[in-house]
Amino acid sequence: MRKLFLPLCILLLMSGCKKSELDVANSSPAVAADKAVAVAEYEVEAPPAPKEVYQMAPASSISEKSEPVNKSAQPSIAPKKLDTIAKKIIKNGNMKIQVGDIKKAQNQVEDILKKNNAYIQTEQFQNTDLDDNLDLVIRVPHKNFDALINSFSDGVGSVLSKNISSDDVTEEYTDVSIKLANKKIYLEKYRDMLRSASTTKDMIEIQETIRELEDEIDVAEGRLRFIDDRVNYSTLNLSLYKEKVRSSATSKIGFGSRFADSVTEGWNSFMSFLLGIISLWPFLLLIPIIIFLWRKWKSGRSTK
């Protein structure tokens, strides 16, 4: 038995060693694969970390992603909204210029108007025995108003009078604009109510309100257009004045002509006086009647 036991033990040991070697051989590809996966994962998950972590981002991206920066940037936007409300200033002027020749001065005025992109709105000429007057109402862009005034003051003639005024209508323009925007909002709300109205009475009342709002909106928009026109184009009332002088033929009138003129003027005055008296004939008829009644009353007292 001892002789058989020892060979069996040796066989068992030999078979166990072979099995372990086969297991190791079979398991080695899996281990190698696991190691390869581990290495691959390590290579994928471990890129050059310092470059990603410590790389500085652009300032624009920081400002876009950072909420505190947006909050601090909000006040800088608010002043821009206030700056959009531009000043609304209306400029008007009146000038009276004495010139030597109306026609020549009118040509000079037309040249000045062309240079300043202005135009004549109204024109009125008056010729009297004493002077000639040409009255012009000129509309000129707001930015060219001062240049136009200076051109008239320097090269046309002698300035007899000049009056320039400025009227700030910014407050009125802003108030009308705000009210107009509110009315448009109410108008849209009433139109929505009209679509959902269930009774005829409600529809009629809402339509009447809509009509009133539309009228008020038209008036407000017209007022804004008027202000814009007065602001964009200033108005200048220009008067060209020429005083007439006695001509050479008239200045040589002698004493005889003047005496005849005086006699004629005296006769004309007498005729005017006589015609004035004749026009009082109804009152003249009352005088004899008053005298007759007075005498009759006086004679009656004397008989008593």
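Does Asn117 count as buried or exposed, judged by its relative accessibility?

Modeller: Asn117 counts as exposed, at 55% relative accessibility, where exposed means over 50% relative accessible area, buried under 20% and partly exposed in between, with a 1.4 Å probe and protein chains only. This is a predicted model, in which local features need pLDDT of at least 70 and side-chain atom pairs count only at pLDDT 80 or more, whereas totals for chains, interfaces and linings use all residues. Residues are numbered from 1 along each chain as its sequence is written, and side-chain values use heavy atoms, with hydrogens and water left out.

Asn117 sits in the loop between α5 and β2 (119–127), with helices (H or I, at least four residues) and strands (E, at least two) taken as DSSP runs numbered from the N terminus. Its phi is near 55°, a positive value in a residue that is not glycine. Asn117 is also one of the two residues, along with Asn116, that Asn144 contacts once neighbours within four places in sequence are set aside, contact being heavy atoms within 4.5 Å. Asn144 itself belongs to the loop between β3 (131–141) and α6 (145–155), and with a relative accessible area of 15% it is buried.

The axes of α5 (residues 102–115) and α6 come within 10 Å and cross at roughly 155°, the axes being lines fitted to C-alpha atoms over the stretch in contact and the angles running from 0 to 180 degrees between N-to-C directions. The pair is therefore roughly antiparallel, a label for angles over 145 degrees. From α5, Gln108, Val109, Ile112 and Leu113 make the contact, and from α6, Leu148, Ser151, Phe152 and Gly155. Sorted by type, the residues of this contact are five nonpolar, three polar and no charged; Ala, Val, Leu, Ile, Met, Phe, Trp, Tyr, Cys and Pro count as nonpolar, Asp, Glu, Lys and Arg as charged, and the others, Gly among them, as polar.

For context, another helix pair can be described in the terms already given. Helix α7 (residues 170–195) and α8 have axes that come within 9 Å and cross at roughly 155°, so α7 is roughly antiparallel to α8. This crossing is left-handed, and the residues of the contact comprise 16 nonpolar, three polar and nine charged. Glu212 lies in α8 (residues 200–232) and is partly exposed at a relative accessible area of 39%; its C-alpha atom is separated by 9.6 Å from that of Leu187, 25 residues apart along the chain.

Ser239, in strand β5 (residues 233–243), is buried, with a relative accessible area of 14%. Residues up to four places away in sequence not counted, Ser239 touches Met95, Lys96, Ile97, Asn133, Leu134 and Asp135.

Taken as a whole, the protein has eleven helices and five strands, and 17% of its 304 residues count as buried. Among contacts with a separation of 6 or more, 78% join residues 24 or more positions apart.

Notes. Parallel < 35°, antiparallel > 145°, perpendicular 65-115°, else oblique. Left-handed = near helix turned anticlockwise from the far one by under 90°.
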